[in-house]
Amino acid sequence: MFLKELSLIHFKNYEEARLEFGPAINCFAGDNGSGKTNLLDAIHYLSLCKSYFNPIDSQNIRHTAPFFVIQGIYSGNEKEENLYCGVKRGQKKVFKRNQKEYERLAEHIGAFPLVMISPADSELIEGGSESRRRFLDSVISQYDRRYLDQLIQYNRALSQRNALLRQFADSGQFDKQSLEVWDMKLIDHGAPLYEERKRFLAEFIPIFQQHYKQLSGSGETVELRYDSNLNDSAFAEALEQALPRDRSILHSTCGIHRDDLDFRMDGHSLRKTGSQGQQKTYLLALKLAQFDFLRLHHDADAAPILLLDDIHDKLDESRVKKLMQIIAEPRFGQVFITDTHANRLPLLFGELRINCRVFCVQKGAIIPVESDDLQPLS
Ligand SMILES: Nc1ncnc2c1ncn2[C@@H]1O[C@H](COP(=O)(O)OP(=O)(O)OP(=O)(O)O)[C@@H](O)[C@H]1O
Ligand SMILES: [Mg+2]
């Protein structure tokens with residue numbers, strides 16, 4: 001299954017655009033601010049019903065326009081699928097598959113698997129634990145529908161429990177039994193989520209380490225550790241122990257919503273000691289492992305769409321070349337890459353004898369480039 005056609009109306013800096021893609025590598029080249037990343041984000045919307053960058057849908061509507069529409073036609077297995085995402089200011093987002101509207105967006109997640117690699121991923125290293133949990137959840141929920149449902153239920157129970165803690169403080173009365181109702185729900189939904197995260201990481205980590213080795217070609221060892229309150233004690237016990245603290249700070253301090261991933265290189269914190277290039281390589285290895293994992297676990301064994309934003313960001317030429325060779329392997333399907341230099345990627349692919357389709361992006365207009373038009377690099 002690959003994205004054959006993409007149409008945009010009033011999406012970010014695009015007034016209107018219609019593009020036809022090839023089933024393998026597609027490159028968007030253009031100056032800063034021309035709209036390359038916005039195209040990747042539109043493709044991200046179609047798979048995951050949301051932007052990779054801005055969670056507020058209305059801010060992705062072209063300034064002053066009343067709505068945006070993103071449409072995609074996917075082709076594969078002798079059938080076509082039509083996806084539609086429409087956002088109107090002040091209204092609920094509408095998402096349709098083959099003209100039929102979803103009741104719950106969660107039903108769509110995982111049907112068109114996708115992996116995004118972007119300079120914004122540095123947030124995974126520099127940001128708080130929330131971004132790392134989001135990464136974990138986004139990988140697992142693209143292949144395990146029950147996981148996402150459990151997570152939604154868990155988060156609901158969590159906000160109810162937090163509300164109750166605040167209510168106890170306001171009223172000056174504490175009712176352990178009514179708190180236990182929410183404790184039970186946290187345990188019912190949280191324990192399977194913890195087990196699934198553990199199971200996932202046990203399979204994921206060796207794939208990730210293999211990718212790091214291949215990309216870096218160097219001797220450093222990378223690790224990824226799962227930190228959870230539940231690593232050392234059962235959920236019920238941990239909740240009991242945390243109760244005095246929860247009551248004093250008025251929110252739940254124990255549970256899988258506090259989980260974290262510890263990124264390490266040669267035994268040290270990656271954030272504190274890794275170079276920019278090493279950190280970027282670590283992130284690339286994480287995302288390529290996500291790709292392999294989703295491909296292996298998707299029902300139809302379909303290759304996810306891979307989006308590579310700003311591929312030269314912090315990588316030296318040899319790592320870019322290695323990465324391009326990896327994504328040209330047959331296990332990869334459709335890939336979209338952005339670069340600020342018009343010829344750099346097509347010439348590299350030419351040198352590696354890999355076919356690619358190139359689009360030149362200029363301030364909201366997109367022009368397909370014929371390979372004869374490419375100029376050698378000076
Ligand atoms: N809601 C919006 N309405 C209109 N324009 C928008 C909106 N959101 C973003 N833009 C514009 O989109 C442009 C940025 O596009 P994008 O991030 O895709 O650029 P890019 O080609 O990836 O640039 P770079 O090479 O710097 O990464 C900016 O000019 C920005 O002002
Ligand atoms: Mg960009």
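**View 1. Antiparallel pairing of strands E10 and E11 in the predicted model.** In this predicted model, strand E10, which spans residues 260-265, and strand E11 pair in the antiparallel sense over 2 bridges.

**View 2. Packing of helix H4 against helix H5.** Helix H4 (residues 145-171) packs against H5 with an angle of about 150° between them, and their axes are 9 Å apart. With an angle over 145 degrees counting as such, H4 is therefore roughly antiparallel to H5, and the crossing of these helices is left-handed. On the H4 side the contact is made by Tyr147, Gln150, Leu151, Gln153, Tyr154, Ala157, Leu158, Gln160, Arg161 and Leu164, which meet Ser178, Leu179, Trp182, Lys185, Leu186, His189, Gly190, Pro192, Leu193 and Glu196 in H5. By class, the residues of this contact between H4 and H5 comprise 11 nonpolar, 6 polar and 3 charged.

**View 3. Packing of helix H5 against helix H8.** Helix H5 (residues 176-216) also packs with helix H8 (residues 276-297), here at an angle of about 130° and with the axes 8 Å apart. This angle makes H5 oblique to H8, and H5 passes H8 in a right-handed crossing. From H5, the residues Phe204, Ile207, Phe208, His211, Tyr212, Leu215 and Ser216 take part, meeting Thr281, Tyr282, Leu284, Ala285, Leu286, Leu288, Ala289, Asp292 and Phe293 in H8. The contact of H5 with H8 divides by class into 12 nonpolar, 3 polar and 1 charged residues.

**View 4. Surroundings of ligand 1.** A shell of 17 residues surrounds ligand 1, and the closest of them are Asn13, Asn32, Lys36, Thr37 and Asn38. Helix H1, formed by residues 36-48, gives the most to this shell around ligand 1, contributing 3 residues. Sorted by class, the shell around ligand 1 contains 1 nonpolar, 12 polar and 4 charged residues.

Definitions and conventions: Residues are numbered from 1 along each chain as its sequence is written. Chains are lettered from A and ligands numbered from 1 in the order in which they are written. This is a predicted model: local features need pLDDT of at least 70, side-chain atom pairs count only at pLDDT 80 or more; totals for chains, interfaces and linings use all residues. Two strands pair if DSSP finds at least two bridges between them. Helices (H or I, at least four residues) and strands (E, at least two) are DSSP runs, numbered from the N terminus. Axes are lines fitted to C-alpha atoms, for helices over the stretch in contact, and angles run from 0 to 180 degrees between N-to-C directions. Angles under 35 degrees count as roughly parallel, over 145 as roughly antiparallel, 65 to 115 as roughly perpendicular and the rest as oblique. A crossing is left-handed if the near helix is turned anticlockwise from the far one by less than a right angle, and right-handed if clockwise. Two residues are in contact if their C-beta atoms, placed from the backbone, lie within 7 Å. Ala, Val, Leu, Ile, Met, Phe, Trp, Tyr, Cys and Pro count as nonpolar, Asp, Glu, Lys and Arg as charged, and the others, Gly among them, as polar. A residue is near a molecule or strand if its C-beta atom, placed from the backbone, lies within 6 Å of it.
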